[in-house]
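Have the sequence and the model open side by side. We will go through the charged pairs, then the aromatic rings, then the overall build.

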Amino acid sequence: MFSTPEYAAALPGAFKNFLDWTIGDAEAGSIYEKPAAWINTSTRQASDAHDELRRVLTYAHAAIVDRACVEAPVTESMIGTDGLIREPAIRDRLAHGLDVLAKHVGCRPLTETKG
């Protein structure tokens with residue numbers, strides 16, 4: 001699961017450099033054929049960064065799980081003094097994306113572990 005800000009209508013350079021290091025078929029640390037998704041919490045959409053992220057992940061042959069990709073704009077007023085998102089609808093949307101990715105990789109979803 002990735003999350004990145006947009007910088008100058010693209011991925012930030014350091015993040016792109018990180019992705020470059022994950023490219024490689026059988027190499028340790030490669031994202032080749034591994035499930036991938038992203039969370040976009042920007043109030044300004046940041047669609048250019050996520051379009052570029054899709055291109056890089058596709059080039060790296062990552063298995064993009066579209067149903068796990070989440071767009072959930074978060075404003076400052078939605079964040080509590082503890083740093084956590086207070087808005088239930090946003091929390092549910094983010095949890096759903098994580099659950100979809102977890103199911104895709106064969107893990108038990110987060111919603112099943114809530115008491």
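How many salt bridges does the structure hold? There are two. A salt bridge here is a side-chain nitrogen of Lys or Arg within 4 Å of a carboxyl oxygen of Asp or Glu. Before looking at them, note that this is a predicted model: local features need pLDDT of at least 70, side-chain atom pairs count only at pLDDT 80 or more, and totals for chains, interfaces and linings use all residues. Residues are numbered from 1 along each chain as its sequence is written, and side-chain values use heavy atoms, with hydrogens and water left out.

Start with Lys-16 and Asp-20. Their side chains meet in a salt bridge at 2.7 Å, N to O. Both residues sit in helix H1, four residues apart, so about one helical turn separates them. Helices are DSSP runs of H or I with at least four residues, strands are runs of E with at least two, and both are numbered from the N terminus. Lys-16 is partly exposed, at 26% relative accessible area. Asp-20 is partly exposed too, at 35%. The classes are these: buried is under 20% relative accessible area, exposed is over 50%, and partly exposed is in between (1.4 Å probe, protein chains only).

The other salt bridge joins the side chains of Arg-54 and Asp-66 at 2.6 Å, N to O. This pair links distant parts of the chain. Arg-54 is in helix H2, while Asp-66 is in the loop between strand S3 (63-64) and strand S4 (70-71), twelve residues apart. Arg-54 has a relative accessible area of 33%, so it counts as partly exposed. Asp-66, at 46%, is also partly exposed.

Now look for a charged residue without a partner. Glu-52 lies in helix H2 (residues 47-59). Glu-52 is buried yet has no salt bridge. The nearest side chain of opposite charge, Arg-55, is 4.7 Å away. For charge, Lys and Arg count as positive and Asp and Glu as negative; His and the chain ends are not counted. What does the side chain of Glu-52 reach? The backbone nitrogen of Leu-11, at 3.0 Å. Not counting residues up to four places away in sequence, Glu-52 touches Ala-10, Leu-11 and Lys-16. Contact means heavy atoms within 4.5 Å.

Turn to the rings. The structure holds three aromatic pairs. Rings of Phe, Tyr and Trp (its six-membered ring) pair if their centres lie within 6.5 Å; planes under 30 degrees apart are stacked, over 60 edge-to-face, and the rest tilted. Why is the pair of Phe-2 and Phe-15 edge-to-face? Because their planes stand at 90 degrees, with the ring centres 6.0 Å apart. Phe-2 is in the segment before helix H1 (13-21), and Phe-15 is in helix H1, 13 residues apart. Phe-2 is buried at 14% relative accessible area, and Phe-15 is buried at 15%. Together with Phe-18, they form one aromatic cluster.

Finally, step back. The protein has three helices and four strands. Along the sequence they follow the pattern α-β-β-α-β-β-α. The C-alpha trace spans about 40 × 35 × 20 Å along its principal axes. Of the 115 residues, 37% are buried. Among contacts with a separation of 6 or more, 61% come from residues 24 or more positions apart.

How values were computed. A polar contact is a pair of N or O atoms within 3.5 Å; within protein, one must be able to donate a hydrogen and the other to accept it, and residues adjacent in sequence count only if both atoms are side-chain atoms.
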